[in-house]
Amino acid sequence: MALRNIVTEGDEILEKKAKKVETINERIHMILDDMLETMHASNGIGIAAPQIGVLRRMFLVELDDRLIEMINPEILETSGVQVGEEGCLSVPGCIGTVERPAYIRMAGLDRNGERFEVEGTELLAVALAHEYDHLEGILFVQKAKDIIEVDEASDDQRV
Ligand code: QAP
Ligand code: CO
């Protein structure tokens, strides 16, 4: 495993639509492992492949000691609205208020190529929607109402 550099706001890779993963092989597994290590090193709860400079459709979300790795995710259903504060590893030191679905259901492939579904509410729904947006080239700051700068020196886990 290796730490990768996190691409930050302003880099055009974050604005591009990521391409489908065609073959799940060792290289893809290594990228997923590197994404996890990189996310842990920055105390994140979610990371998408474009954030480490890989323009492929995959992301991780880790909440309550549950790691969700999704390859080629699709949104099957959303409902309701919730409004909450978000941050992003690619926009360090900024948080903003974003509207997200209250409920989301997605399907995707795991690292063995098996299709699975995940559904979430509350923070999980926010995280899944936020990470999916990265694959479409969308950052939370494009959707946020009030963006404020926060002290990131403490480097606490922030959502
Ligand atoms: C996306 O965000 C997310 O500015 C993941 O100094 C956002 O992991 C999921 C972070 C909101 C659910 C709710 C940001 C860490 C981490 C920072 C993150 C920072 C240190 C953000
Ligand atoms: Co993000």
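A residue is called buried under 20% relative accessible area, exposed over 50%, and partly exposed in between (1.4 Å probe, protein chains only). The structure is a predicted model, in which local features need pLDDT of at least 70, side-chain atom pairs count only at pLDDT 80 or more, and totals for chains, interfaces and linings use all residues. Residues are numbered from 1 along each chain as its sequence is written, chains are lettered from A and ligands numbered from 1 in the order in which they are written, and side-chain values use heavy atoms, with hydrogens and water left out.

**Exercise 1.** Determine which residues coordinate the cobalt ion (ligand 2).

Solution. Step 1: donors are N, O and S atoms within 2.8 Å of the metal (3.2 Å for Na, K and Ca); water is not among the atoms, so sites may look incomplete. Step 2: Cys88 (SG), His130 (NE2) and His134 (NE2) coordinate the ion at 2.1 to 2.3 Å. Step 3: their spacing in sequence is C-x41-H-x3-H. Cys88 lies in the loop between E4 and E5, and His130 in helix H2, 42 residues apart. Helices (H or I, at least four residues) and strands (E, at least two) are DSSP runs, numbered from the N terminus.

**Exercise 2.** Decide whether Cys88 is buried or exposed, and likewise His130.

Solution. Step 1: Cys88 has 11% relative accessibility, and therefore counts as buried. Step 2: His130 has a relative accessible area of 7%, so His130 is buried.

**Exercise 3.** State the strand order of the open sheet.

Solution. Step 1: two strands pair if DSSP finds at least two bridges between them. Step 2: the order of the 3 strands is E4-E5-E8, with antiparallel pairing. Step 3: E4 (82–86) and E8 (147–149) each have a single partner strand, so one side of each is left without a neighbour in the sheet.
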